[in-house]
Amino acid sequence: MFLRELTASVSQIKGAGPAAAAMLARLGITSVSALLRHYPRDWEDRSRTVPLRDFSIREVYTDVTVLGHEWFGAGHMKTLKIHVEDDTARAALVCFNRPFLGKQLPVGAVRRIYGRFQYKYGELQSSAFEIEGPGDRGAVLPVYPLTEGLTQNLLRKLMKNALDLYAGSLENELPQALIEKEGLLQKPEALRAIHFPASIGEKDKARKTFIYEELFYLELMIGKRAKERKKTASQAKRSGQGELSALQKRFIQRLPFTLTPGQLEAVREINRDIDNPPMARLLQGDVGSGKTLVSFLAALRAVETGDRGQAVLMAPTELLARQHAENAAKLLEPLGVSIAFLTGNIKARGRAHLLKALAAGEVDIAAGTHALFSQDVIYRNLKLAVIDEQHRFGVTQRQAIMAKGEKPGLLMMSATPIPRTMALTVFGDLDVSTIRDMPPGRKPVKTHLARESNGGRVYDFVRQELAAGHQAYFVYPLIEANDGKDKDAGNLKDVSSMARRLSQEIFPEYAVALIHSRLEEEDKRKTMDAFRKGEIRVLAATSVVEVGVDVPNATCMVIEHAERFGLAALHQLRGRVGRGEAQSYCFLIYSDQEVPREYAGTRAELLSEEERSKEGKRLMVMLENADGFVIAEKDLLFRGPGQIAGIEQSGYLALGIADPLRDTEELVRARADAFEILETDPELQKPENLCICRTLEQAPPFRDVGL
Ligand code: ADP
Ligand code: MG
């Protein structure tokens, strides 16, 4: 039996009555398998004591003597507080809703307690503590994610009972040879040790076993899929060069410039994919490298397939989606291709009409936001889904749009390069096109760092650029004045007040406008239109302009409080300028103000000298590098693993216990092992690989990966 095959109901477990079963169900646990795979989020190490004095380092675990009882509050809010001491300090145990603890901790008694303490109201106190029960001394105890009503003690008991009943008969999902080679534990042992390890060392070994196993299967599935793709890809090589189609040629002839070699190569690769489905391609190219045009060409090709296909261009913001729709209309409609624009804000009559046209195939290309995969949207013949700024979308959203057609091709575009380890896991089975060149005539953006106190000089410089006919962006981290709720924000400038200042005091002679995410879409659209036409010269914005916005006449990007932005965001923002022939500039203004008294003790003040210099170094990366790929790597170094912008939030990869960014070492080894097995035994027919075969068939660890 494999762990995943233990489908028996949890109510089989001794102690899991209806009440417990209902609580477990709230955690998504209904089967024994799910219960045993509810791994601890932490472990309490009771193999050595931690005195009260060390409360700030870790949980306290110490023998205390009870000094006295005290009650505070009134009525049913009356709460017991128990004063205790150990050899190092005194503390108070606050017994919210636990008056019965008074009996267990009578004055004069000595008890071993475990708990988290903090310094509050002039004393050391804890309301999250337990009195040690018999048999816990010296153990390493699991700490589980809980839900209301469920206690650690109950869950521990259930887990023990489930282990006693089932663990012994479990089989390994990994071949024996791998377990030995990697120094992993056998399944029954691993399962016991992850829940109730004899020592911290054993716990580590058990975790490693589960992490490795998960990553092995992830990589195995990626490897399998990559192999299938390669088969079709090599057929594709034989069957064509990805020549440009008639419509594509006409489109290119009408452009005022020629495609860069990188763009042309990407289009050829996409054409080959479309001729040889299934297509799943990642188009990488630094901001400004001209990925949008490539996606238009891809859409054209999809429209031309067989019985006229359809394509969607999906973008994360309405602003960007609209820009795509407008450009597409301008460039593609003259070729007889019909374009539509679909967002959540298009309502009632207009929407009904649009949906009908999509279902009837009267619309060839639809640009839009998430609305493109709303339930009521039906396509007649969706052949290609283009996802712009793909890092802003999650797996489920990708799946939702793909489900709108019969195996449509997938083209994901990204200017935020995926760090290598991530790419290995998530995109291990995707084909990748990379545009390495920039359209000719671009001058690199000149970047300057400026202290806030020198802001006036930056404004003067921008004034000269405006006088020469150019335009400028000013970007701020907040929409409205800090109301004091976010103390961490200190005295940050906000875009609403700054738009006023820019227009009334700093650039009274020029038209200034404000844009941020909370404005009405219609107002945003008008503002962007006017900025694009040059009627508005200065745009005060938040990071809504981070993705995609393309106004070539804008030559200045001023980012205030640059220290509040991640490197990837700064790079994207900087990419909004330098899109035309003129020299462009980016100013990163950072705060150098004293911390005002009311914020004393907040993060701003606590920033140590070292952290300040780290901030400086981080911004220096922007001065020294223009290459988005390099900046992404450095960003990762500064943030530390596990914190890539936008990745966790969007549910990039829903793994169980493994984290590919943290567990890089295991990942690399699991990948090598999985690929080697696929190489030597592609059909997984060798007896020693039988367990792999059975796992994939009977208890697959992932339903789908990546796509
Ligand atoms: P990104 O790759 O960041 O999405 P865009 O597609 O927005 O870049 O392109 C940036 C700008 O470059 C646009 O104004 C576009 O018209 C222009 N552009 C694209 N390709 C070329 C080219 N081959 N030659 C000159 N300009 C180009
Ligand atoms: Mg773009």
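Strand 4 (residues 90–95) and strand 6 (residues 123–131) run parallel and are joined by two bridges, where strands are DSSP runs of E with at least two residues and helices are runs of H or I with at least four, numbered from the N terminus. Two strands count as paired if DSSP finds at least two bridges between them. The model is predicted, so local features need pLDDT of at least 70 and side-chain atom pairs count only at pLDDT 80 or more, while totals for chains, interfaces and linings use all residues. Residues are numbered from 1 along each chain as its sequence is written, chains are lettered from A and ligands numbered from 1 in the order in which they are written, and side-chain values use heavy atoms, with hydrogens and water left out.

- Leu 93 has Ser 126 of strand 6 as its bridge partner.
- Two residues lie between the strands in the hairpin of strand 5 and strand 6, where Tyr 121 takes a positive phi near 45°.

- An open sheet with parallel pairing is formed by seven strands in the order 10-11-9-12-13-8-14, with strand 10 (339–342) and strand 14 (431–435) as the edge strands, each pairing on one side only.
- Four bridges pair strand 10 with strand 11 (residues 365–368) in the parallel sense, and Leu 342 stands opposite Gly 368 in strand 11.

**Helix 8 and helix 10**

- The axes of helix 8 (residues 246–254) and helix 10 (residues 291–304) come within 8 Å and cross at roughly 150°, the axes being lines fitted to C-alpha atoms over the stretch in contact and the angles running from 0 to 180 degrees between N-to-C directions.
- On the helix 8 side, the contact (heavy atoms within 4.5 Å) includes Leu 247, Phe 251 and Ile 252, and on the helix 10 side Leu 293, Phe 296 and Arg 301 are among the residues taking part.

**Ligand 1**

- Ligand 1 is surrounded by 17 residues, of which Gly 288, Lys 291, Thr 292, Arg 442 and Asp 550 are the closest; a residue is near a molecule if one of its heavy atoms lies within 4 Å of it.
- An N or O atom in the side chain of Lys 291 is 2.8 Å from an oxygen atom of ligand 1, and for the side chain of Arg 579 the corresponding distance to an oxygen atom of ligand 1 is 3.0 Å.
- A nitrogen atom of ligand 1 lies 2.9 Å from a backbone N or O atom of Thr 258.

Notes. Polar contact = N/O pair within 3.5 Å; in protein donor to acceptor, adjacent residues only side chain to side chain.
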